[in-house]
Structure formats: structure tokens, C-alpha cells
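Here is a short briefing to read alongside your viewer.

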Amino acid sequence: MDWVTDESDGSDVDLSWLQNDDNPPLPQAPSNQALQDGTRASTSSLMPRFLDMGFSEKMVADAIEKNGDGNYESILEDLLTYKMLEETPSGNEGNEENTPSDENDWGDDDSSDIDDFDDMDFELEMSGQASFRKKLRTLEEMGFSRDVASSAIERCGEDVPIFELADSIYAAQTAEKEGGVWEYDGFNSYKKKEGDNYDPFTHNNKRQKCNGASSSRHRSSTQMRERLKRAYHRPATTTRRCGGDGDAVGELDSLNLPNPMVGFGLPTDPGRQLYRDIPKEAQGPPYFFYENVALTPKGVWPTISRFLYGISPEFVDSKYFLAACRKRGYIHNLPIANRFCLEPIPQKTILDAFPSARAHWPTWDTRTQFNCLQTCIGSAQLTERIRAKLVASDDPPPPDVIRWVMYECRKWNLIWVGQNRVAPLEPDEVEYLLGFPRDHTRGWSRTERYKSLGNSFQVDTVAYQLSVLRDLYPNGIRVLSLFSGIGGAEVALHRLGIKMTAVLSVEISPINRTILRSWWDQTGQVGGLEEVDDVQCVTDAVLERFIVRHGGFDLVIGGSPCNNLAGSNRHHRDGLSGEHSSLFYHYFRILDIVRNLMARY
């Protein structure tokens, strides 16, 4: 979504009230000075670590220069990509056509809410969700022995990312050399820097002032602090331990992502889970539903879970619903029995969804599904380079050409539109894949359409989880839609046949608000659509007025921005303390107010 946010980093705000002997500190992004200090301090440590893994000094220097010296994970991901491309034989060394393109259309904001390229199966071979054999081969290529690599995979688990496995091995080697124990605490954990505090409830928006919002936040600050303290006392969700060889042991405060990522199961799964424990204080109604990217920095999902009543996330990949991947985590208190899918059920392969591409699809393109649909697309320069390279090659092309073309096709979701010709998906094709009606975003520029669609819910996936509401609310439902975007939640409820008698929509992008309003009017919704343009303006008074008018809320739904969570944001992947993703705390704040208000009515 097109977020208009604060230019301040919030470093002048005190959160000391939340920290005592029983409470761990909230995750904090390092200040600019801390990052600079970290860069100076880590130069001598990171270089030998990567050299020991078998990467060349020049390759390591380039990756460090690109990502910053303190971003271990991003550096290693780039090194793996560099090594893959370097080992690809090329008949025209130095020709930029044989390297990934940087000339891509990123829209208006290169920090937009997009998924990482790692989200697709091709790159997952490098980042830790591939098979044991592929992980073993990758670790061996990095310079580790087969026995050491195999032991690390068996000890840490096959779902552990490759960069964590590598660091675990390096930790053991370091411990052995130094004769001590080396504590491994992950790559994205931030130690609190004194004086660099962040308070999500006084997150100012310099571009957009809301009358009365500041005073309302001040009046309820004491109450909110008590609620937040209670939330932070909740136990974190499941942790996993990952240690190196010997005595090196560390703990990752993160969740094991399931494989396959099917949540509590699909209709085709005979043994799917039909019961789960929900804390008494979270049992609905009003029901709530929260969504964000599954692949986040260390500790993000345990923190989100802690604030949302300790409920464990349900991780689902949309590839089980349609012809594109979209790995997401959901925390909700909805029932999970008697779910059903939207009809018609979408096609689950590219060629079934787009049969016209079959005539031009080369036999060596083995893709069956698209990578996660993003807010950005490949450029015309890139697609022309691909065409020129294929025209100049034999049929079939040599392995190095195929590998490069497949890299770009997977990264940018390119589809074959003619002989040797690929092109990005059109906005209406993305609408179809995401479950929106045709022309849902029509009338805006291609850039704005891609951005709005890339930040939206996948309607079929979300509708499957919301489908239990149809029998619970046969006479209609009252919805608080936070971070509404282009109305993915509203479209899902409408397609399920659930009448919305009243909706309070909160969305900061005027383009997205216009798209949702247009759809609302065109589909003849019987209920009223009320709008607020900033979650920071949603106060106790705003919520209470809606409850008095309409009798309450039945569902609170939304997904806060993932700009600082998605792996593609290399420079500002600050977790929940980031400028955009910290808005999650407003989801918690608003949900807590709603549930307290509803308890009085």
C-alpha cells in the first residue's frame, strides 16, 4: 500500500516503562550511528568468515559494498547468487547480457511492500527450504565438508535456511579455534542501544495530522501501556535451537515454517487439523484476522503472536489455491472446521490459467507456477535482451543461456507471448490471479495498479479462512477493515456471499480508497462504507461512535505493511521497529480497544 509515514525514526521516544527484570526489551532497529559503528567493527570479522566459506575476496567485497557490512544475511544471499552466475559457463565473458538486469521498473517507491525473490522455489534452493540433497550440495560448494554439512542439516532441520546452517557451522569452527562456546543469536536480532527507543503509540505522521488524534492517544496512554505490558508478558511461541559442531549452541527466537505450508490443512487433506486451543481472552466474537509475510526477520512472528493473545500463526502458501506462490502468515481466532473454497476454483498451473501461452512455451522452461506476485515488473530492456540472446542461440539454447533466462523469468514472473519473446504479466492478469474482478484497478497507471495489487490479499486464500463466517452471520456482518488496500477482505466476503451491513475502512492511500469505493458502489453493497485515512486517527471515540450507530463489530481484519519485513528491503529490514511495519502495533491497539468496548455493550 502507498504508505505516507513519518520522516522521524522515533528515537526520541521512551519505552523504558515496558522494560523491567521480567520483560525483555522490544526489538529495536539500530540507529544510524550504531550502523556506522557496526560497519567499522565488523570489517575484520565478516571478510574472513566468507573467505573461509570459499568465496573470493573480490566477490565478498562487492557484496559487502552493496549491502552494508553489518547485514550478514543479505551479503550471503548475494554471494550465493554471484557464485551461481560465476560458475555458469559463458561464451561471451563480460557481456552484460549474461548478468541479471538492474534495469527494472520499480514504480514510485523502491521500498514498497514486496516479497523477496527468495520466496520462489528456484531461490529457495539457496535460502533453506529445498531438499536435503540440494542443501548438502550448496554447503559443499561453499567449502564445507560433506560430513560437517550433513551433520548441520540433521541437527538444525531441513527447514532451516542455508545461511543459518552456514553460520551454525562457522560458529562451531570459531568455538573450536577459541576453545570456548560461541553464542549464535541470528542475523537480524538487534541489541537495544541506550537512548534509541521507539514507542509505537506516539508514531507521528508529519505529512498527515489528525485533529484530536494526539489528545486522544494522550488520554488513553496509561491504559494502553498497561495493555501492552500484559501483551509483552505473554509467552513467545515455539522456538528452535540450532547449534554448531562441538559445544557451540544458540537459540533462535523464531518459528519453524511448516513444509508444506498449508496451515491447518486444505479441503483435499483428509487428516487436516480441526481443533486448536485459543486463550480465553481471545475467544470471539468479535473475531479478528491478521496477515503478513511469512518470511520475516528473526523474532517477528513470535512478537506478533505475543501481542495477539499468544495465538500461533497459520502459515499458508497460495500456490495450493492458484498458479502463483504467496507465502503468508495469519493469526486469527476464527473457527477452523467446515471451511470451504470459493468457486470457481482457480487453475493451479500457469498453462491452465493462461492457455494461450502454451503455443510459445519452450520445453526447457519447467515452471508450473509463478513466483509471488510483486509490486514491480521486469523492464522492456530486460525482455528485449532475453529475446536477442535467444535469437542468437541454437534451439535449444546452451545451458548457460537457459539458466540466465530462467533466472530472470522466475524473478520477474515473465510469461511467453511469442517465439523467443517474454513479457511481464499485465495488470488484468494479476487481478485474475489474485482473485479480484476484471478491471478492479482499471483507470490508474500501470505502476499504481501493480503497486496496489502487489500489496493486496490473495482473495481465494483469505476467503477459505473466512468462509466459516457465512454460517455464523447469515444476516450480515459488521467489519473493521484496517489497512484495507484495494479491498481484498471486502471482495472475499462478497464472493463468499456474506452480506456486509456496515464497514469502517482504514486506508491511507487515496488511490486505494477510490478503488475500494468504486467497487463498493458498482457491486451494489447494501451496507454503509465509512472511511478513515490513517490508523493513527482511529481513536476510542471513532470506534465508539461506530459501535453506537451499528451495534458493534463482528470482525477486525487487516495486514499491516511488510516494508521492513520482506527480504527484498535490504537497507531497511528493521523488523517491527521499522518505519512502516511498526504500524502493526496500531492493529493491536485498535483491536484491544474494540474488544474492550464490545465487552461493555
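Just after helix α20, Gly551 takes a positive phi of about 90°. This is a predicted model, so please read the values below as computed from its atoms.

**Helix α20 and its end**
- Helix α20 covers residues 540–550, and its buried residues are Asp540, Val542, Leu543, Phe546 and Ile547.
- Looking down the axis of α20, you will find these buried residues within an arc of 165°, so they line one face of the helix.

- Arg326 sits in the loop between β4 (314–317) and β5 (327–332).
- Is Arg326 buried or exposed? Its relative accessibility is 3%, so Arg326 counts as buried.
- What does the side chain of Arg326 reach? It comes to the backbone oxygen of Gly454, at 2.9 Å.
- Gly454 belongs to helix α15, which spans residues 446–454.
- With a relative accessibility of 7%, Gly454 counts as buried because the cut-off is under 20%.

**The α12 and α13 pair**
- Helix α12 (residues 380–391) and helix α13 (residues 399–412) have axes that come within 11 Å and cross at roughly 155°.
- That angle makes α12 roughly antiparallel to α13, because angles over 145 degrees count as such.
- The crossing of α12 past α13 is left-handed.
- On the α12 side, the residues in contact are Leu382, Arg385, Ile386, Lys389 and Leu390.
- They meet Val401, Trp404, Val405, Glu408 and Trp412 of α13.

**Helix α16**
- How many of the eight residues of helix α16 (residues 459–466) are buried? Eight of the eight are, so α16 is largely enclosed by the rest of the structure.
- These buried residues are Val459, Asp460, Thr461, Val462, Ala463, Tyr464, Gln465 and Leu466.
- At the start of α16, Gln458 places a side-chain oxygen within 3.1 Å of the backbone nitrogen of Asp460.

Technical notes. Residues are numbered from 1 along each chain as its sequence is written. This is a predicted model: local features need pLDDT of at least 70, side-chain atom pairs count only at pLDDT 80 or more; totals for chains, interfaces and linings use all residues. Side-chain values use heavy atoms; hydrogens and water are left out. Buried means under 20% relative accessible area, exposed over 50%, partly exposed in between (1.4 Å probe, protein chains only). Helices (H or I, at least four residues) and strands (E, at least two) are DSSP runs, numbered from the N terminus. The arc is that of the directions from the helix axis to the C-beta atoms. A polar contact is a pair of N or O atoms within 3.5 Å; within protein, one must be able to donate a hydrogen and the other to accept it, and residues adjacent in sequence count only if both atoms are side-chain atoms. Axes are lines fitted to C-alpha atoms, for helices over the stretch in contact, and angles run from 0 to 180 degrees between N-to-C directions. Angles under 35 degrees count as roughly parallel, over 145 as roughly antiparallel, 65 to 115 as roughly perpendicular and the rest as oblique. A crossing is left-handed if the near helix is turned anticlockwise from the far one by less than a right angle, and right-handed if clockwise. Contact means heavy atoms within 4.5 Å.
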